[in-house]
Amino acid sequence: FFSRKKCVSIHFSSKRMSSLEFKSTCDEAESFLNSEREYVENGLRVGFETFLNRLEVHNKLSQSIITDDDITKIFSNYRTIYTANSKLFDDLMLLRLDGREKLRDHLGKFMQDFIPYFRIYTDYIVKKKSAIEHLETLKKSNKKFRQFLKINETCAGRKLKSYLQEPSSRLPQYLQHLAGVYVAFEHEADKNSEAGQLLLQAIIDIKLVTDEIAVKCRDLKARLLVGQLQKEVFGNKIQLLAAHRYCVSHAAMQVVAADKMKQHKIVLCNDILLVASMAGSFKSGQLLAVYPLIGLRVARDPKLSDAVYEHAHVEKDGERLKH
């Protein structure tokens with residue numbers, strides 16, 4: 001996401017640029033409106049009408065191409081995002097009809113009012129990777145779906161995948177465009193005006209929300225990973241999922257057992273450390289040990305030889321440390 005530091009760097013570098021390189025605040029505000037028009041009308045609308053809506057209509061007419069569940073896995077809450085951003089674009093257009101200055105002066109307030117809707121992007125961004133993977137799987141296994149995409153992607157002028165990726169890349173663009181408007185306010189020595197202050201506050205608030213979304217996305221991905229490991233490692237025979245649990249890290253590691261090195265699966269969650277045998281093609285892994293993290297500490301085992309400790313090391317400040 002677009003960082004506050006980057007906003008600050010724009011703020012200072014702008015002062016070294018000549019006046020000929022700047023657009024007016026009205027021009028920058030209109031550029032922002034044009035970018036929202038492009039995003040809504042040529043992005044979200046086409047993605048919805050050409051792909052999502054048509055697939056749903058096929059199912060309503062009992063001429064299914066993919067199931068309703070497949071549609072949900074690919075598009076998630078795409079419809080909700082389209083509806084919310086269409087409303088934002090319509091509101092901005094009403095401002096523009098009252099004049100360029102009206103759009104410029106009220107842009108900050110309207111973007112602040114829209115901030116709660118940015119949170120609907122969270123679920124979409126978290127599921128984007130699995131949505132793209134499911135899309136590719138269906139393209140390989142479903143001939144009717146391949147034909148549907150061939151026809152409709154030709155009509156749309158680009159791939160469905162590009163429409164699905166667009167919402168996640170839009171959030172940082174909001175900050176970039178609004179920063180451009182605020183730089184124009186600075187250049188016109190009008191940054192302390194009410195419109196300039198509202199815009200600055202909108203930029204700060206949107207930055208906070210995008211940071212919050214990033215944290216939630218990371219947290220949700222870590223929680224989804226617990227379910228994935230439950231399936232891949234234990235074949236759903238062990239209940240790993242819990243409302244409070246998320247995966248911090250997991251890896252295959254060599255573990256010393258009966259003076260022999262054997263590969264195990266190590267799963268570190270926020271509350272427990274799991275040790276399991278490796279899953280095979282026809283056999284799920286076995287749970288070998290569970291260690292609650294409360295009170296757990298790392299210590300050197302005097303029974304292990306120095307050769308074992310030499311096997312794992314990290315480098316810090318140019319020095320190699322044994323563990």
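What covers the buried residues of α5? The cover includes α2 (25-60), α4 (78-97), α6 (121-141), α8 (160-187) and α9 (194-234), where contact means heavy atoms within 4.5 Å. The model is predicted, so local features need pLDDT of at least 70 and side-chain atom pairs count only at pLDDT 80 or more, while totals for chains, interfaces and linings use all residues. Residues are numbered from 1 along each chain as its sequence is written, and side-chain values use heavy atoms, with hydrogens and water left out.

Helix α5 covers residues 100-118; helices are DSSP runs (H or I, at least four residues) numbered from the N terminus. Its 19 residues reach 25 Å from first C-alpha to last, close to the 27 Å expected at 1.5 Å a residue (1.5 Å times one less than the number of residues). At His106 α5 bends by about 50°, the angle between axes fitted to the seven residues ending there and the seven starting there.

The buried residues of α5 include Leu103, Met111, Phe114 and Phe118; buried means under 20% relative accessible area (1.4 Å probe, protein chains only).

The structure holds 11 aromatic pairs, that is, rings of Phe, Tyr and Trp (its six-membered ring) with centres within 6.5 Å; planes under 30 degrees apart count as stacked, over 60 as edge-to-face and the rest as tilted. Phe118 and Tyr121 form a tilted pair, 6.4 Å centre to centre with 50° between the planes. Phe118 and Tyr174 pair edge-to-face at 5.2 Å and 65°. Phe118 lies in α5 and Tyr174 in α8, so this pair ties together parts 56 residues apart in sequence.

Technical notes:
Helices (H or I, at least four residues) and strands (E, at least two) are DSSP runs, numbered from the N terminus. Buried means under 20% relative accessible area, exposed over 50%, partly exposed in between (1.4 Å probe, protein chains only).
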